[in-house]
Amino acid sequence: MGISSHWHDMLLVSKIVMVVVLMVSATAYGAGNFKDEFQPTFGDGRVRIFGQAGELLSLTLDKYSGSGFRSNKEYLYGRVDMQLKLVPGNSAGTVTTFYLSADQTTGIHDEIDFEFLGNSSGNPYTIHTNVFSQGKGNREQQFHLWFDPTKNFHTYSIVWNTKLIMFLIDETPVRIFRNHEKHGVSFPKKQPMTIHASLWNADDWATQGGLVKTDWSKAPFTAYYRNFNIDGCVVGDSHSSCATEPAANTNSERPANGGRTRASWRTHDLDANGRKRMRWVHKHFKVYDYCSDSNRFPQGYPTECKHNRV
């Protein structure tokens, strides 16, 4: 029995995406030094840095503790790329993260989240995204992937400027949260954020709503980070232009789907091809969207939902 035309099309598009990814990743990312740019936040020796140039970092979770790290610097807008290889095998109950976060003690917390929810062997990871602005979150979108994120490193990127927040996976845009302040929707733009990552146990909710618990006989669990790239406004840097409104797009600044120059995050947006690729992701791999959860919002969806169309 032959492959259906639907699956044939999906496989063909997936192969094209992966070819583009390999072409872009080979030129766009270099090995950053974790020793210089980051510091552990918890987990003691469970945070390990490898190589003379500090180009590889691992986080470990065991039954006693998880682990995490954060950037030494704060940023107000920019683009951050991080390559991850997630916990293999039975990762149920574990959560691996890569996110931006403002000071939570202010009471008006801002955060931009990539969270990778583990699953039992053979089942796909769930990619959980969220945006917090002035203490308000509950803006979740979740996706499965068109590849196994435990076999090889893949690049996860967050773009944050005054106009939008964009989540990308191997240069494929998967989500955009636009600035709709004119419609009364708060947008994170005043508080600087640090870059964070962690690996921790969340078996009360992470896998099938907490139905599948962490199998500690499989511990320790380990995830790997490498080849980070940070291109943004450093708070406190006298040469920074964080307060400068980005200029209009120019021909020298290329959008999300086609590589980038140093400052392209300032005017980063989708072109027709990027929009087509994001629609492909939403059609085949999106598994949850708060903007279509009528049980959660019986009185009507949040304001931004009517404006955040792909």
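Reader: Is Asn-138 buried, partly exposed or exposed?
Author: In this predicted model, Asn-138 has a relative accessible area of 45%. Since buried means under 20% and exposed over 50%, Asn-138 is therefore partly exposed.

Reader: Where does Asn-138 lie?
Author: Asn-138 lies in the loop between S8 and strand S9, the latter covering 141–143. Asn-138 has a positive phi of about 55°, although it is not a glycine.

Reader: What is the phi of Asn-227, and where is that residue found?
Author: Asn-227 has a positive phi of about 50° and is likewise not a glycine. Asn-227 is found in strand S14. With 17% relative accessibility, Asn-227 counts as buried.

Reader: On to the annotations. Where does UniProt place the feature "active site"?
Author: The UniProt record, an unreviewed entry, places that feature at Glu-111 and Glu-115. Glu-111 lies in strand S7, and Glu-115 lies in strand S7 as well.

Reader: Are Glu-111 and Glu-115 buried or exposed?
Author: Glu-111 counts as buried because its relative accessibility is 10%, under the 20% limit. Glu-115 is also buried, with a relative accessible area of 15%.

Reader: What is Glu-111 in contact with, sequence neighbours within four places aside?
Author: Its contacts include Tyr-99, Leu-100, Gln-104, Asn-130 and Met-193. Ser-101 is another, and the side chains of Glu-111 and Ser-101 are joined by a polar contact of 3.2 Å.

Reader: And which residues does Glu-115 contact, on the same terms?
Author: Among them are Val-95, Thr-96, Thr-97 and His-128, along with Trp-200 and Trp-205.

Reader: How is strand S7 joined to S8?
Author: Strand S7 (residues 111–117) runs antiparallel to strand S8 (residues 126–132), and seven bridges join them. Ile-112 stands opposite Val-131 in S8.

Reader: What lies in the loop between S7 and S8?
Author: Asn-119 lies in that loop, and the unreviewed UniProt entry places the feature "glycosylation site" there. At 11% relative accessibility, Asn-119 counts as buried. Beyond four places in sequence, its contacts include Asn-90, Ser-91, Pro-124 and Gln-208.

Reader: Let us step back to the sheet. What is the strand order?
Author: The open sheet has eight strands in the order S1-S4-S13-S6-S7-S8-S9-S15, with antiparallel pairing. Its edge strands are S1 (38–42) and S15 (286–289), each of which pairs on one side only. On average, neighbouring strands of this sheet are turned by 15° against each other, direction ignored.

Reader: Turning to strand S3, is it mostly covered or mostly open?
Author: Strand S3 (residues 56–61) is mostly covered, with five of its six residues buried.

Reader: Which strands pair with S3?
Author: Strand S2 (residues 47–50) is joined to S3 by four bridges, and the two run antiparallel. In that pairing Phe-50 stands opposite Leu-56. The hairpin of S2 and S3 has five residues between the strands, and Gly-51 takes a positive phi near 90° in it. S3 also pairs with strand S14 (residues 221–234) in the antiparallel sense, over six bridges. There Thr-60 stands opposite Thr-222.

Reader: One last item: which peptide bond is cis?
Author: The bond from Ala-219 to Pro-220 is cis, with omega near 5°. Pro-220 is found in the loop between strand S13 (194–201) and S14.

Definitions and conventions. Residues numbered from 1 in each chain as written. Predicted model: local features only at pLDDT ≥ 70, side-chain atom pairs only at ≥ 80, totals over all residues. Heavy atoms only, no water. Pairing = 2+ DSSP bridges. Axes fitted to C-alpha atoms, helices over the stretch in contact; angles between N-to-C directions. Buried < 20%, exposed > 50% of the residue type's maximum accessible area, 1.4 Å probe, protein only. UniProt positions renumbered as here; feature names shortened; annotations may be inferred. Contact = heavy atoms within 4.5 Å. Polar contact = N/O pair within 3.5 Å; in protein donor to acceptor, adjacent residues only side chain to side chain.
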